[in-house]
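Here is a short briefing for a reader new to this structure. Take a look at the sequence and the fold, then read on.

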Amino acid sequence: MKVMPFIGVLGLKGAIGLKTKEKELSPVQELLEKKYNGGFLNRREKIIPIILFFMAAVSVLTTLGIVLTLIFETITFFGDVSVVEFFTATEWYPFSETEAVYGIWPLVLGTLKITLIASLFAVPIGLAVALYLSEYAGVRTRKIMKPILEVLAGVPTIVYGFFALTFVTPVLRDLFPSIELFNAISPGIVVGIMIIPTIVSLSEDALSSVPEPVRHGALAIGSTKWETASKVIFPAALSGILASIVLGISRAIGETMIVSIAAGSTPSAALDLTSSLQTMTSYIVQVTTGDAGFGTTIYYSIYAVGFTLFVFTLAMNALAQFISKRFREEY
Amino acid sequence: MENVDRIKSEEMINRIDGRLTKNKIVKGLFFIATLFTLIMLVVLLYRIIAQGAPYLSWDFLQNFASRRPEQAGIKAAVIGTIWMMAVVVPTAAIFGVGSAIYLEEYAKKNTLTRWIQMNISNLAGVPSVVFGLLGLTIFVRLFGFGNSILAAGFTMSLLVLPVIIVASQEAVRAVPNELKEASYGLGATKWQTISRVVIPYAIPGIATGSILAFSRAIGETAPLIVVGIPTFVAFLPSGVFDSFTALPMQIYNWTSRPQEEFHNLAAAGIIVLLVVLIMMNSVAVWIRNRYQSR
């Protein structure tokens, strides 16, 4: 007996539902919300976008956090050390009790040395691989090479660092005995190996996105594959290729573990590539590995160095975006 | 006139050999470059396996860190990494997918949205060591988490967040409009459509991207060093506020010691790390292949 009114209510609701549906069909969604579900769904529909907005805001807050952290702690650092000294002194010698010198140049130079060797190594090889894969290789070779590049890109940098110290350095020292245990060449080469996948995959994307008819046109007037690639496809894809190189360089600048392990920890203003050096990233690692007390000048110096590093990579990333936007060929 | 043409074509025929040879040489050089990257990977793996495999044993997985190489193990590091990922996975996944859904489904196409989007892609290019500095300042000092699992986990979450957002956005964008329209047509609300149509459809794409991001978090070392995670730990954490060590930290510690034995231990640790990463990547590839056919 108790079942009857229940069914009755259901039937009534259904009838109302049908009726309303018939009356106004166009904003079905809103109507159903209001008629059936009352406030709850309505409130949920309003609250959820707000919650999601705050989730999206986290990444903005992260950027803000990075910038503010770096700025404030760097300002504290410049309370102890003069800005002029930071930019003009050619010595980075923070661990002296009496005469600490904070000139960023040796660290920047160390980063530039590593970056230069890495790009000299990675750009030609990376472009060659990209051109081979997009212009010469068959489907099978591409199917084999793509995952291999993905694996190379996924190898943690600590592994590359180990490889640099225990394999590349000894091999180099066998070939050229004048190279020291910690040097710029070995980590430079290995950073190069690390950025090859970045350069290859982005350049290959740029090369492959040049339309087939362009390629066929060049081949049809009698160009060889190399002439097609070098005189037609490469220039057409140039913006993407340059952007890939700049992004690779940006990664090399920010690379930390390979240089911390294999490049040593001697800030050096000499142009020599065979002896120990220190980069901006490996200085931060050196200080935070040891126990530089909170509040000391050394502690704050890692933020000033981090800020400089951040500006470098930001500039490179902005350059990459500018290149790929400004010089894009539209097809 | 005919003569001139014949001379030209003869010249062309003479030149074609040179041009074809050039093409062949270049092709050969490019092939060597490609082979070189392959060989690099093989040498890298071979060196590490040859050096580390003899040190892999049940004891190696079961023992804590030790000053004596023959007794050292990676138990604390493996458990520590698992603890850290227990923080990273939910945090990064929830915030990553939430941000992606907001940007793809709710956000108006205005300057603010474009700005958020640009900010995310820039964040992906910030070096991991700088994220470490952020974690050190905010989580370790300001929030007072110390060098705990929580501090390291949150720092790593922020580091991988941009990758997860971008991957999830692509997955959400790939949901066919017809499906969404059908859902609205049945009277579903926007959130009902998102939670019951869009997300289930996008899950394989989101999972693939997220797993790759998480494998990056497992291998990252620099932020952990900057946050101040210790390397010599002989206990297991019992909660997220405990101090811990992680696999890459342990490997870094062994690598930076001068003795050969510790280098071998580092190689053994790297094998464990790589096996974990390969397993995660295989799962990602499997998901991608399984659902790609749709």
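How many residues of chain A are in contact with chain B, and with how many residues of chain B? This is a predicted model. In it, 67 residues of chain A are in contact with 68 residues of chain B. The points below start with that interface, then turn to domains, helix packing and database records.

**Where chain A meets chain B**

- Helix H2 of chain A, residues 28–80, gives the most to the side of chain A that touches chain B. Its share is 23 residues.
- By class, that side of chain A has 41 nonpolar residues, 20 polar residues and six charged residues.
- The crossing of H6(A) and H10(B) is left-handed.
- On the H6(A) side, the contact is made by Ile158(A), Gly161(A), Phe162(A) and Leu165(A). On the H10(B) side, Pro248(B), Ile251(B), Tyr252(B) and Thr255(B) take part.
- The contact of H6(A) with H10(B) has six nonpolar residues, two polar residues and no charged residues.

**Helix packing inside chain A**

- Helix H4 of chain A covers residues 105–136, and helix H7 of chain A covers residues 185–208. The two pack at an angle of about 35°, with their axes 6 Å apart.
- H4(A) and H7(A) make a right-handed crossing.
- By class, the contact of H4(A) with H7(A) has 21 nonpolar, six polar and two charged residues.
- H4(A) also meets helix H9 of chain A, residues 225–236. Their axes come within 11 Å and cross at roughly 115°.
- Angles of 65 to 115 degrees count as roughly perpendicular, so H4(A) and H9(A) are roughly perpendicular to each other.
- The crossing of H4(A) and H9(A) is right-handed.
- From H4(A), Leu131(A), Glu135(A) and Tyr136(A) take part in this contact. They meet Lys225(A), Ala229(A) and Ile233(A) of H9(A).
- The contact of H4(A) with H9(A) has four nonpolar residues, two charged residues and no polar residues.

**Domains in each chain**

- Six residues of domain 1 of chain A are in contact with eight residues of domain 2 of chain A.
- On the side of domain 1 of chain A that touches domain 2 of chain A, there are two nonpolar, two polar and two charged residues.
- For chain B, the domain assignment gives domain 1 (2–55) and domain 2 (59–292).
- The centres of domain 1 and domain 2 of chain B, taken over C-alpha atoms, are separated by 39 Å.
- Six residues of domain 1 of chain B are in contact with seven residues of domain 2 of chain B.
- The side of domain 1 of chain B that touches domain 2 of chain B has four nonpolar residues, two polar residues and no charged residues.

**What the UniProt record lists for chain B**

- An unreviewed UniProt entry lists residues 78–283 of chain B as "domain: ABC transmembrane type-1".
- In the model, residues 78–283 of chain B are 78% helix and 0% strand. The end C-alpha atoms of this stretch are 20 Å apart.
- The unreviewed UniProt entry also lists "transmembrane region" for residues 29–49, 76–103, 123–143, 149–167, 224–245 and 265–287 of chain B.
- Over residues 149–167, chain B is 100% helix and 0% strand, with end C-alpha atoms 26 Å apart.
- Residues 265–287 of chain B are 100% helix and 0% strand, and there the end C-alpha atoms lie 34 Å apart.

How values were computed. Residues numbered from 1 in each chain as written. Chains lettered and ligands numbered in written order. Predicted model: local features only at pLDDT ≥ 70, side-chain atom pairs only at ≥ 80, totals over all residues. Axes fitted to C-alpha atoms, helices over the stretch in contact; angles between N-to-C directions. Helix = DSSP H or I, 4+ residues; strand = E, 2+ residues; numbered from the N terminus. Parallel < 35°, antiparallel > 145°, perpendicular 65-115°, else oblique. Left-handed = near helix turned anticlockwise from the far one by under 90°. Contact = placed C-beta atoms within 7 Å. Nonpolar A, V, L, I, M, F, W, Y, C, P; charged D, E, K, R; others polar. UniProt positions renumbered as here; feature names shortened; annotations may be inferred. Domains from an automatic or database assignment.
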